[in-house]
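Please look over the sequence and the structure below before reading on. The report then goes through the parts one at a time.

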Amino acid sequence: MNHEKFMKIALKQAQIALDNQQVPISCVLVRDGEVIAQGSNLTSKSPIHHAELVAMNNIDTTIPFDLYVTVEPCIMCASALMQTNVNCIYYGASNQKFGGCGGVVTIVPEEPWKKLKLEGGIMEAEAIELLKYFFERPNEKKAKM
């Protein structure tokens, strides 16, 4: 599977989120090589509107899917993902403050019935660049976070 193809789609969505003064974290959900849903952070609206939760709200999560997200899922999102039928979590940048897939803690179960693949560092530099730009520039919505 072409991981960069799907991460580029997520990064494009993250740029749109950035242009709308949102935290530039976005994801795509993939099934059988096709994008089935997309989501971007809308945390200026609500603290639970993370990209992964926004995207999963649009699919049947009992049917297996893969997740491509620009930043490692936070503890909340990793926990929510463990309640779904996610096969693989591919992410760009590690989340050293809130990461739930190894950045801070690992929510991923080790039970043999839940085979979950984690892979980070996919187009990491591009994801970090978007985050740096968001946190370094003036932003009225950021002040409310």
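Predicted model: local features only at pLDDT ≥ 70, side-chain atom pairs only at ≥ 80, totals over all residues.

Four residues of H4 are buried, namely Ala-127, Leu-130, Leu-131 and Phe-134. Because they cover an arc of only 95° around the axis, they lie on the same side of H4. The other side of H4 carries exposed residues, and these are Ala-125, Glu-129 and Glu-136.

Helix H4 spans residues 124–136, which makes 13 residues. From its first C-alpha to its last it reaches 18 Å, close to the 18 Å expected at 1.5 Å a residue.

## Strand S3 and its two partners

Is strand S3 mostly covered or mostly open? Seven of the seven residues in S3 are buried, so by the cut-off of under 20% relative accessible area the strand is mostly covered.

S3 pairs with strand S1 (residues 26–31) in the antiparallel sense, over four bridges. In this pairing, Val-30 stands opposite Asp-66 of S3. S3 is also joined to S4, by six bridges, and these two strands run parallel. Here Tyr-68 has Tyr-90 in S4 as its bridge partner. Between S3 and S4 the chain crosses through helix H3 (residues 75–81), and this β-α-β crossover is right-handed.

## Lys-5 in helix H1

H1 covers residues 3–19, and Lys-5 is found in this helix.

## The protein as a whole

How many helices and strands does the protein have? There are four helices and five strands. Read from the N terminus on, the elements run α-β-β-α-β-α-β-β-α.

The protein has 145 residues, and buried residues make up 48% of them. Among contacts between residues at least 6 apart in sequence, 56% join residues at least 24 apart. The accessible surface comes to about 7,600 Å², and 52% of this surface belongs to carbon and sulfur atoms.

Technical notes:
Residues numbered from 1 in each chain as written. Heavy atoms only, no water. Expected span 1.5 Å × (residues − 1). Buried < 20%, exposed > 50% of the residue type's maximum accessible area, 1.4 Å probe, protein only. Arc of directions from axis to C-beta. Pairing = 2+ DSSP bridges. Right-handed = clockwise from strand over helix to strand, strands pointing away. Contact = heavy atoms within 4.5 Å. Areas by Shrake-Rupley, 256 points an atom, 1.4 Å probe, with all protein chains shown as cover.
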